Amino acid sequence: MKYYAHVTDAGAEQSNGGTDMKKIIAINGSPRRNGNTAELLQHALRGAADAGAETELVHLYSLKFTGCLSCFYCKRKDVAHGVCALKDDLAPVLERIKQADALIMGAPIYFMNLSAGMVAFIERLFFSNYIYSEEIPTVFPKPLPHAFIYTMNMTEAHVEQFKMRERLGIYEGSAARILRAETKNLWAYNTYQFSDYSKYESSIFNEPEKAAYRKEVFPKQCAEAYEIGKALVS
Ligand SMILES: Cc1cc2nc3c(=O)[nH]c(=O)nc-3n(C[C@H](O)[C@H](O)[C@H](O)COP(=O)(O)O)c2cc1C
């Protein structure tokens, strides 16, 4: 299959595809369309495309949407469950995710959490499919293989020190329960944040060390992302 990307609607880039193909959607939770997160997601989508899947990349920060407004429409007994009442730019994306065969959520770490855009996305997708019921913990229509890609300035040692795996494990646990499938993840530490560090106040960073890490380790993380994308649709 040939892979190419074109813009379809606000914030979305899609590859060509036929009806019998598997479909994977990647969500870029960074405002930077060409940053570290987007680059890793592109590699994951290329892996999925090479495995024969149709791909779509959604740039969350190109969409106008909010997090959950706590209206509880999705929990009402008199309407179909699993539907978010908000009709904004995210609504069609949530519908397409229900039709998809795999999902990748990529986010930079902001203040020791997922970016605000990714948290808002998760509130909308997860909460609308979650029911306050022991018997029906999720109304998501089918198991959806999925993965998180995290990018951050922190080193692996910082991640352990600040218990980041436990913190983000809260989202991963919810994802596994609500999307009814195992959660994969990729941690991209010590990312290169600026194209030219000399232009910014950034004395806490050792630029040559960061540049060396980027050169040596980032390609391996891109390769890991590629394999995750491939595995999600295989
Ligand atoms: C508002 C903001 C807050 C950030 N907070 C953190 C943080 O708490 N921990 C961290 O490791 N990196 C932090 N970073 C750095 C980004 O997570 C990191 O550069 C990331 O790789 C950027 O992804 P992108 O290139 O896809 O935009 C922060 C960046 C911004 C803009």
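Helices (H or I, at least four residues) and strands (E, at least two) are DSSP runs numbered from the N terminus. The views below show a predicted model, in which local features need pLDDT of at least 70 and side-chain atom pairs count only at pLDDT 80 or more, while totals for chains, interfaces and linings use all residues. Residues are numbered from 1 along each chain as its sequence is written, and side-chain values use heavy atoms, with hydrogens and water left out.

View 1. A pocket is an open set of points on a 1 Å grid over the protein atoms alone, with protein on both sides within 12 Å along at least five of seven lines; lining residues have an atom within 4 Å of a point. The largest pocket holds about 350 Å³ of space, a volume being the space filled by probe spheres set on grid points that are joined across faces, edges and corners. Of its 16 lining residues, Pro108, Ile109, Tyr110, Asn153 and Gln193 lie nearest the centre. Helix H1 (36-50) and strand E5 (102-110) each supply at least two residues of this lining, and E5 gives the most, with 3 residues. The lining comprises 7 nonpolar, 8 polar and 1 charged residues, where Ala, Val, Leu, Ile, Met, Phe, Trp, Tyr, Cys and Pro count as nonpolar, Asp, Glu, Lys and Arg as charged, and the others, Gly among them, as polar.

**View 2. The second largest pocket.** About 170 Å³ of space lies in this pocket. Its lining includes Asn153, Met154, Thr155 and His158, together with Asn190, Ile204, Phe205, Asn206, Glu209 and Lys210. By class, 3 of these residues are nonpolar, 5 polar and 2 charged.

View 3. A cavity is a set of grid points where a 1.4 Å probe fits but cannot get out. With a disulfide defined as a pair of cysteine sulfur atoms within 2.5 Å, the count is 0 disulfides. For Cys68, the nearest cysteine sulfur is that of Cys74, 6.5 Å away; for Cys84, it is that of Cys71, 6.5 Å away. Cys68 is partly exposed, with a relative accessible area of 32%, whereas Cys84 is buried at 17% (buried, under 20%; exposed, over 50%; partly exposed, in between; 1.4 Å probe, protein chains only).

**View 4. The second largest cavity.** This cavity has a volume of about 30 Å³. Its lining is formed by Asn36, Tyr189, Asn190, Thr191, Tyr192, Tyr213, Arg214, Phe218 and Gln221. Helix H6 (207-216) and helix H7 (218-233) are the elements that give two or more residues to the lining, which has 4 nonpolar, 4 polar and 1 charged residues.

**View 5. Strand E4 and its pairing with E3.** In strand E4 (residues 54-59), 6 of 6 residues are buried. Both faces are covered, with Glu54, Glu56 and Val58 on one side and Thr55, Leu57 and His59 on the other. Strand E3 (residues 23-28) pairs with E4 in the parallel sense over 6 bridges, where pairing requires that DSSP find at least two bridges between the strands. Asn28 has His59 of E4 as its bridge partner. E3, H1 and E4 form a right-handed β-α-β unit: with the strands pointing away from the viewer, the path from the first strand over the helix to the second runs clockwise.
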